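Subject: A structure for you to explore

Hi there,

Here is the structure I promised to pass on. Have a look at it first, and then read my notes below.

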Amino acid sequence: MKVVESIAQWKALRPRLTRSLGLVPTMGYLHEGHLSLVRRARAENEVVVVWIFVNPKQFGKGEDFQTYPRDAEADLRALEALDTDYVLSPGVDDVYPPGFQTTVSVAVLSKPLEGVSRPGHFDGVATVVAKMTCLTQPARAYFGQKDAQQTVVVRRMVEDLGMLTEIVVCPTIREPDGLAMSSRNAYLSPEERRAAAVLYRALQNAGRQYQAGERQGDALRGQMRAAIGAEPLATLEYAALVHPETLVELTSVDGPALALVAAQFGSTHLIDNLLIGEK
Ligand code: AMP
């Protein structure tokens with residue numbers, strides 16, 4: 001495994017990699033969710049590149065950029081064990097040197113849901129994913145369903161800009177109590193950690209209601225709101241039921257539907273989602 005910390009070094013190296021390349025973009029502090037993407041990339045590509053970069057452009061003012069958890073040594077050990085070929089981990093000034101002035105903005109899909117409380121977040125995501133896709137030119141790039149809106153935004157960008165990369169979305173990996181794995185779970189106190197399982201329970205309740213015949217969007221959203229509202233340590237941000245590609249709120253479910261929830265536990269913002277409805 002080769003660790004590349006400079007973009008100039010990577011640019012010199014990339015033309016020599018002629019075999020199919022799988023890219024796994026991350027912000028590090030790797031857990032089983034990230035590693036599931038690396039395993040999938042390993043199985044489907046000849047060269048595996050893991051990008052580790054805590055991207056300041058996707059953090060808003062007052063968000064946790066400075067304190068975002070980092071553990072480079074543990075990350076490299078885990079990636080080495082999975083037979084990763086390259087870890088690309090440039091510094092902030094290398095990715096955004098003086099004079100950098102381009103923003104990629106996916107206008108409509110970036111606005112609802114996470115975009116409401118985190119304006120500019122998806123511009124930061126789209127810009128860095130565009131840059132790393134240009135730099136690495138992967139055959140496939142791997143993303144987690146956990147960040148559902150991110151996958152929708154990235155797919156749109158790849159389509160709109162004519163990028164040749166296939167976007168592969170991998171299932172959400174969960175803790176035994178259902179909580180979606182996230183680097184941010186490290187911030188939770190033991191009480192908040194226990195409480196955070198309510199997100200997945202709320203989604204599952206909605207899924208069960210759907211299975212039992214409920215088709216009204218308001219009823220399914222109300223179900224999720226009530227479940228999260230009953231948890232004293234959770235402050236609900238949204239409980240939504242949308243079309244999985246357009247992210248438009250659904251009045252009733254008569255096809256594919258994506259249920260999404262977000263809540264604060266203390267100062268920690270957590271999200272989760274579940275696909276319900278017929279494909
Ligand atoms: P992050 O480091 O949080 O930016 O995440 C990097 C990638 O890992 C993103 O595509 C995430 O959606 C994905 N990811 C994060 N958590 C999980 C999880 N629990 N299961 C599957 N994928 C995940």
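Over how many bridges do β2 and strand β3 pair, and is the sense parallel or antiparallel? β2 and β3 (residues 47-52) pair over six bridges, in the parallel sense. Two strands count as paired if DSSP finds at least two bridges between them. The strands themselves (E, at least two residues) and the helices (H or I, at least four residues) are DSSP runs, numbered from the N terminus.

Before you go further, please keep in mind that this is a predicted model, in which local features need pLDDT of at least 70 and side-chain atom pairs count only at pLDDT 80 or more, while totals for chains, interfaces and linings use all residues. Residues are numbered from 1 along each chain as its sequence is written, and side-chain values use heavy atoms, with hydrogens and water left out.

**The six-stranded sheet**

β2 and β3 belong to an open sheet of six strands with parallel pairing, in the order β1-β4-β3-β2-β5-β6. β1 (2-4) and β6 (166-170) each have a single partner strand, so one side of each is left without a neighbour in the sheet. From one strand to the next, the twist averages 25°; angles run from 0 to 180 degrees between N-to-C directions, and axes are lines fitted to C-alpha atoms, for helices over the stretch in contact.

Helix α3 (residues 72-81) touches β1, β3 and β4 (86-88), and its direction makes about 165° with that of β3. Helix α7 (residues 148-160) touches β5 and β6, at about 170° to the direction of β6. Contact here means heavy atoms within 4.5 Å.

**The three-stranded sheet**

There is also an open sheet of three strands, β7-β8-β9, with antiparallel pairing. β7 (234-242) and β9 (268-276) stand at its edges with a single partner strand each, so one side of each has no neighbour in the sheet. Strand β8 (residues 257-265) pairs with β9 over nine bridges, and glutamine 264 has histidine 269 as its bridge partner in β9. Helix α10 (residues 217-229) lies across β7, β8 and β9, running at about 160° to β7.

**The ligand**

The ligand has 17 residues around it, and Met27, His34, Asp147, Ile173 and Met181 come nearest (a residue is near if one of its heavy atoms lies within 4 Å). α2 gives the most to this shell, with three residues.

Now for the polar contacts, which are pairs of N or O atoms within 3.5 Å. A polar side-chain atom of histidine 34 lies 2.9 Å from a ligand oxygen, and a backbone N or O atom of glycine 144 lies 3.0 Å from an oxygen of the ligand. A ligand nitrogen is 2.9 Å from a polar backbone atom of methionine 181.

Enjoy exploring!

Key
A polar contact is a pair of N or O atoms within 3.5 Å; within protein, one must be able to donate a hydrogen and the other to accept it, and residues adjacent in sequence count only if both atoms are side-chain atoms.
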